[in-house]
Amino acid sequence: MHSFDDINLQAIPAGRDLLLMITGGEAHIGAASTAYAEGEGIQVQTTAVPGHKEHVLTAAMAKRAAEVLNRTVTVVMGIHYDDLNREEINRISEITEALLEQWIEQARTEESR
């Protein structure tokens, strides 16, 4: 069983926009999703490298961050561990979502200062 202690989120401001990079295990680029305001809603554009599954997480994460922070957000994710079972995949999803929520809360606190 993997510990997943090396999964991390790195935030890189790009002017008003934001790049969130989430990696773990053998880091790489598996998928990228950009969420942005259009009209009354948030649109998301996603690109996934063939054979990778990170897009299942990046699209919802980018949309969540863009809605809460009211800015364009790109989430790039590349997480790879060999021979994962369903429970471990679910754990990775939980960890990445928790990292995002922690980062959003921190960002909101800093903005309100």
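Start by selecting E94, which is partly exposed at 47% relative accessibility (partly exposed lies between buried, under 20% relative accessible area, and exposed, over 50%, using a 1.4 Å probe and protein chains only). You're looking at a predicted model, where local features need pLDDT of at least 70, side-chain atom pairs count only at pLDDT 80 or more, and totals for chains, interfaces and linings use all residues. Residues are numbered from 1 along each chain as its sequence is written, and side-chain values use heavy atoms, with hydrogens and water left out.

R91 and E94 form a salt bridge, with their closest N and O atoms 3.3 Å apart (a side-chain nitrogen of Lys or Arg within 4 Å of a carboxyl oxygen of Asp or Glu). Both sit in helix α2, 3 residues apart, about one turn of the helix (helices are DSSP runs of H or I, at least four residues, and strands are runs of E, at least two, numbered from the N terminus). R91 is partly exposed too, at 41%.

Next, pick E101 and R64. Their side chains meet in a salt bridge at 2.8 Å, N to O. E101 lies in helix α2 (residues 86-111) and R64 in helix α1 (residues 55-69), so this pair ties together parts 37 residues apart in sequence. The count of salt bridges comes to 2.

Last stop: I79, in strand β5 (residues 73-80). Is I79 buried or exposed? At 12% relative accessibility, I79 counts as buried. Show its contacts (heavy atoms within 4.5 Å): leaving out residues up to four places away in sequence, I79 touches several residues, including I7, I22, H28, I92 and T96.
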